[in-house]
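Please read it alongside the structure.

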Amino acid sequence: MEPGTPAAEHTSRGRRRFLELILAMLLVALIVGGAVPYVSGPDRSYLSYLVLADRQDAEGAEHAAEQARAAGGRVVQGYPQIGAVLAYATGGFAQRLRTKPGIAAVGATRTATVPSPPGPLTGADFRRSQEGAPASDATEGNLSDPREEDDWNLAMIGAADPLPASSALLRSASDRSGTPLAPTPAALGGVLVAVLDSGVDDTHPDLRDAVDPSASVSCADGRPDARYGAWRPDEGVSESGHGTHVAGIVGAARDGHGVTGVAPGVRIAAVRLLGPLGQYYAENIVCGMLWAADHGARAINDSYFADPWKYNCPEDPDQAALTRAVARAVAYAQSRGSVVVASAGNDGQDLQADRIDRRSPNDRTSGPAQDRYLGTECIRLPGELPGVVTVSAVDRSGAPAGYTNYGLGRVSLAAPGGDPDGGPEGAVVSDWPGDRYAALAGTSMAAAHVTGAVAVVAAEHPGWGSQEITAHLAEAAAANCPPGPDTCGDRRFYGAGVLALP
């Protein structure tokens with residue numbers, strides 16, 4: 001059919017009406033899912049940008065905001081702790097700003113445009129809600145209550161009964177001492193750890209006494225939303241149960257039911273990063289890292305990588321700006337006494353070698369991902385930033401998991417991550433939203449074990465700083481790692497060694 005004929009025009013109008021209907025349905029779905037929707041503007045397409053001033057303080061953030069507005073951007077959040085702001089703008093914004101005096105870097109945090117900046121956080125109620133916990137939701141594929149049995153992952157690090165003699169590679173900390181180490185819940189109650197993830201279901205029986213609402217928040221669009229329950233997972237977003245699983249590994253209660261965490265009794269700050277479009281954008285990470293640091297988190301768990309680029313390269317001005325922004329936030333948290341813990345990643349790649357990224361950008365709306373051939377200068381955020389405790393994964397036997405990333409000087413410690421094909425006996429069993437349980441495997445699980453261990457050490461040594469805690473864990477891991485070719489002596493995979501509660 002030729003364009004321009006009445007029939008063709010009718011078809012075109014019908015397509016437009018269909019697209020408008022789809023957009024309206026999407027916006028309704030976002031609202032119902034608890035997300036802050038992007039309100040459509042008059043045929044405009046926006047990207048989000050992080051604007052960094054030379055000064056890393058409130059004055060720098062104010063300058064960045066002034067310059068961003070002068071360049072046509074709409075500032076939606078300031079980060080005075082690191083001299084940065086989050087702004088939304090249309091095309092050419094970054095190029096106009098990068099030459100301005102006092103501006104250190106500007107980078108687009110996404111590649112897919114949105115109709116407009118996010119709407120205001122209206123109707124916020126910062127008082128604790130009186131809502132009750134939801135009823136248990138028994139859906140298909142759930143694990144039954146594990147009743148704290150067969151916690152091979154805890155036994156491996158000395159937090160439970162010793163592993164059976166068939167575990168060839170490792171000597172657990174409990175084997176050496178003769179008694180499993182049991183942290184005091186009262187002491188752990190004075191320690192706060194932050195789980196930066198997809199959200200945490202604090203109504204789960206294992207976690208309802210662990211999550212601290214006053215320290216929890218949603219940073220799902222780069223702005224701290226402290227309304228009660230905002231930190232909970234959005235069921236409309238895939239992988240939204242991940243954060244609950246991670247939180248259970250860190251600090252699930254020891255009560256004879258469900259699972260036990262590495263640090264039962266610890267206080268958890270649930271910091272939701274996963275946004276309504278299923279991304280962990282850099283502004284979400286910056287927001288969450290600063291929130292956790294300012295609320296006194298002794299450990300900050302980061303079991304994810306920054307979207308939309310799996311690895312960020314310094315030669316790309318956008319990716320370089322995102323790296324600087326997240327690095328500033330991490331350094332700020334470390335300066336406040338937080339140990340920042342991150343997963344090494346599940347690509348089975350050597351982080352100290354050239355590699356291929358076949359996934360990025362992962363927020364694209366069409367077409368395949370680019371095949372990017374990367375050098376060692378391209379890094380995963382936040383795991384490869386200075387001072388971050390980066391964790392690889394081992395399976396139940398203590399061998400490196402097939403999926404784990406590795407690299408000499410890029411991995412700090414190894415910890416139980418499990419086998420994705422091993423079922424409940426070989427993967428790591430932990431909590432899942434709706435009073436459920438799930439068996440997952442990955443470096444996400446491994447990182448959570450280290451975060452729990454940081455909490456245990458912080459409870460035992462309340463006067464220690466972050467460097468003393470990490471050094472102590474490294475020494476214990478080395479002692480848990482006998483030398484030899486068939487053990488955990490390969491530092492590419494194990495770093496200092498296998499995690500052990502000292």
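## The right-handed disulfide

The S-S torsion of Cys313 and Cys378 is about 115 degrees, so this disulfide is right-handed. Its S to S distance is 2.1 Å; a disulfide here is a pair of cysteine sulfur atoms within 2.5 Å. The bond links distant parts of the chain, 65 residues apart. Cys313 lies in the loop between strand E8 (299-302) and H9, and Cys378 in the loop between strands E11 (372-374) and E12 (389-394). Helices (H or I, at least four residues) and strands (E, at least two) are DSSP runs, numbered from the N terminus. Cys313 and Cys378 are buried, meaning under 20% relative accessible area (1.4 Å probe, protein chains only).

## Basis of the model

The model is predicted: local features need pLDDT of at least 70, side-chain atom pairs count only at pLDDT 80 or more, and totals for chains, interfaces and linings use all residues. Residues are numbered from 1 along each chain as its sequence is written, and side-chain values use heavy atoms, with hydrogens and water left out.

## The other disulfides

The whole structure holds 3 disulfides. Cys219 and Cys287 have sulfur atoms 2.1 Å apart. Their S-S torsion is about -60 degrees, so this disulfide is left-handed. Cys219 and Cys287 are buried.

Cys481 pairs with Cys488, S to S 2.0 Å. Both Cys481 and Cys488 are buried. Counting bonded cysteines along the chain, the pattern is 1-2, 3-4, 5-6.

## Helix packing

H8 (residues 282-294) and H9 (residues 317-335) pack at about 10 degrees, axes 8 Å apart. Axes are lines fitted to C-alpha atoms over the stretch in contact, and angles run from 0 to 180 degrees between N-to-C directions. H8 is therefore roughly parallel to H9, a label for angles under 35 degrees.

Definitions and conventions
Angles under 35 degrees count as roughly parallel, over 145 as roughly antiparallel, 65 to 115 as roughly perpendicular and the rest as oblique. Buried means under 20% relative accessible area, exposed over 50%, partly exposed in between (1.4 Å probe, protein chains only).
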